[in-house]
Amino acid sequence: MYKKLYRKKLTTPYKAVKLIKEGDMLVHGLTMAEPPALLEAVAFRLREGDLKKIRMFSVIPLDSVCSTLLAPDLVDCVEAYSGFVDAGDRGLVSTGLNYYVPNHLHQIPRLLEEFIGVDVCVTTVSPMDGAGYFSFGTANDFTSTAARAARVLILEVNQNMPRVFGDSLIHISEVDAVVENHQTIPDFPCGDKQPEADVIGKNISRLVPDGATLQMGIGVLPNAVAEQLENHNDLGIHTEVFGPGMVDLIRKGVVNGEKKTLHPRKHVFTVAQGDQVMLEFMNQNPSMESYPCSYVNNPAVIAKNDRMISINSLIEVDLLGQCNAEYLAGHQYSGTGGQLDFVRGAFDSHEGKSILAFYSTAKNGTISRVVDHLDPGAMVTTPRMDTHYLVTEYGVANLKGKSTRERAHEIINIAHPKFRKDLYRRAEEMYLV
């Protein structure tokens, strides 16, 4: 029965995207779930003039999006919106060719349903099972909500997309069209590790108790932290982003989820970003569970995990503890993402801790990431009232319960030594010390 329905809806990418109408808002699968064949077909329609204009909502667009709908020759055809700025759309946002939508990640599903609207959702999924269900695989996040809120849902089936448990299924009866494209899913870029990353990882590892539940952000520092947790026991995972560092900890028995108070023995995430080893590990693994970001990133849900430890990064912090993780050189550099979701959820957890980690300097040691004040117009990602632990290669600062004077001392003490004298001078001028 379901195979017959599948065959009825199976078509070519070009025929599938004929369902898209002029001016539609298109939402695509996040990062590793970008559907390259469908995106190329939409771009073809736009270039041929068969479709004049669409709108698109993206978060961290990778090559499949950047080489098609965000290509320079289509800027007049695609009105692009971004929920998190990254390398793929940073230049477009800074020049006004793409519009950033401020948000907390856990609110994006609601923003799409109630405020932005979704006409078309396209995403990559795992092959259909015998009961007629596909899995969203690496991208549950807001994609699962967009899929059900959209007028048109088109799925790109890829046998390399892992089948994941939890609330990660969509039925063939909910789908308007299906295409098949079994190309290799590209690895998600991680970046280069600086020598200080291991020191920061060690400093953070001392703050993580056995039996803790972890959330770690994107990039090099989270993987460096994972490397330093190999002697811990009974750790759990409730995270926005699942990545290779977590796979290593699970395989080594460090992470088993047995002490979790919410979803015990399950590794909970909303989006996965990593390599082929990660994809293979996730596939048909009953310990892996994915849920929408409206659930995983909800601070009230996060707080239900005892000993919740959130680990994220920032660009700079001022002497009052205001953290900027998204604004650089006068431009939107990234986004709020789920940072504040987990900062607040972790602190409200029983014995929980929120940790924000960063290298003490930038540009080969010429710029301090600890500043006396944020530049005018800079964004505050984590307000000073929410900042808990700050960690650099020079130590740990705990700001909770500290006066502005005590905060300034704590923060300056984890700055690079060559900048501390000037920071103390500025602190005195601000009557902080």
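Let me start with a question: is Arg151 buried, partly exposed or exposed? Arg151 has 36% relative accessibility, so it counts as partly exposed. The cut-offs there are under 20% relative accessible area for buried, over 50% for exposed, and partly exposed in between, with a 1.4 Å probe and protein chains only.

Quick housekeeping. This is a predicted model, so local features need pLDDT of at least 70 and side-chain atom pairs count only at pLDDT 80 or more, while totals for chains, interfaces and linings use all residues. Residues are numbered from 1 along each chain as its sequence is written, and side-chain values use heavy atoms, with hydrogens and water left out.

Back to Arg151, then. Its salt-bridge partner is Asp24, with the closest N and O atoms 2.8 Å apart. This pair links distant parts of the chain: Arg151 is in the loop between α7 (143-149) and β7 (152-157), Asp24 is in the loop between α2 (13-16) and β1 (25-28), and they are 127 residues apart. By salt bridge I mean a side-chain nitrogen of Lys or Arg within 4 Å of a carboxyl oxygen of Asp or Glu. The helices (H or I, at least four residues) and strands (E, at least two) are DSSP runs, numbered from the N terminus.

Another one joins Arg47 to Asp73, where the closest N and O atoms are 2.7 Å apart. Here too, distant parts of the chain are linked: Arg47 belongs to helix α3 (residues 36-48), Asp73 to the loop between α4 (63-66) and β3 (78-82), and the separation is 26 residues. Both ends are partly exposed, Arg47 at 37% relative accessibility and Asp73 at 47%.

Then there's Asp86 with Arg90, whose closest N and O atoms are 4.0 Å apart. Asp86 is partly exposed, with a relative accessible area of 24%. And if you like networks, look at Asp372, Asp422, Arg425, Arg426 and Glu429, which are linked by salt bridges.

Now a charged residue with no such partner. Asp318, in strand β16 (residues 316-318), is buried yet has no salt bridge. The nearest side chain of opposite charge is Arg407, 7.3 Å away, counting Lys and Arg as positive, Asp and Glu as negative, and leaving out His and the chain ends. So what does the side chain of Asp318 make a polar contact with? One partner is the side chain of Gln322, at 2.6 Å. The Asp318 side chain also reaches the backbone nitrogen of Leu320 at 2.9 Å. A polar contact here is a pair of N or O atoms within 3.5 Å; within protein, one must be able to donate a hydrogen and the other to accept it, and residues adjacent in sequence count only if both atoms are side-chain atoms.

On to rings. The model has 6 aromatic pairs, meaning rings of Phe, Tyr and Trp (its six-membered ring) with centres within 6.5 Å; planes under 30 degrees apart are stacked, over 60 edge-to-face, and the rest tilted. Phe57 and Phe142 are edge-to-face, 5.8 Å centre to centre with 80° between the planes. Phe57 is in strand β2 (residues 54-58) and Phe142 in the loop between β6 (133-135) and α7, 85 residues apart. Phe57 is buried at 2%, and so is Phe142 at 1%. Tyr291 and Tyr295 make a tilted pair, with centres 5.3 Å apart and planes at 45°. Tyr291 is buried at 14%, while Tyr295 is partly exposed at 26%.

We also have charges over rings, where NZ of Lys or CZ of Arg is within 6 Å of the ring centre and within 35 degrees of the ring normal. Lys400 lies over the face of Phe347, 4.1 Å from the ring centre, and the charged end of Arg420 sits over Tyr394's ring, 5.7 Å from its centre.

Last stop, β7. Why call it largely enclosed by the rest of the structure? Because 6 of its 6 residues are buried. Val152, Ile154 and Glu156 point one way, Leu153, Leu155 and Val157 the other. Strand β5 (residues 120-125) runs parallel to β7, joined by 6 bridges, with Val122 opposite Ile154. Strand β10 (residues 177-180) is also parallel to β7, with 4 bridges, and there Val157 stands opposite Glu180. Strands pair if DSSP finds at least two bridges between them.
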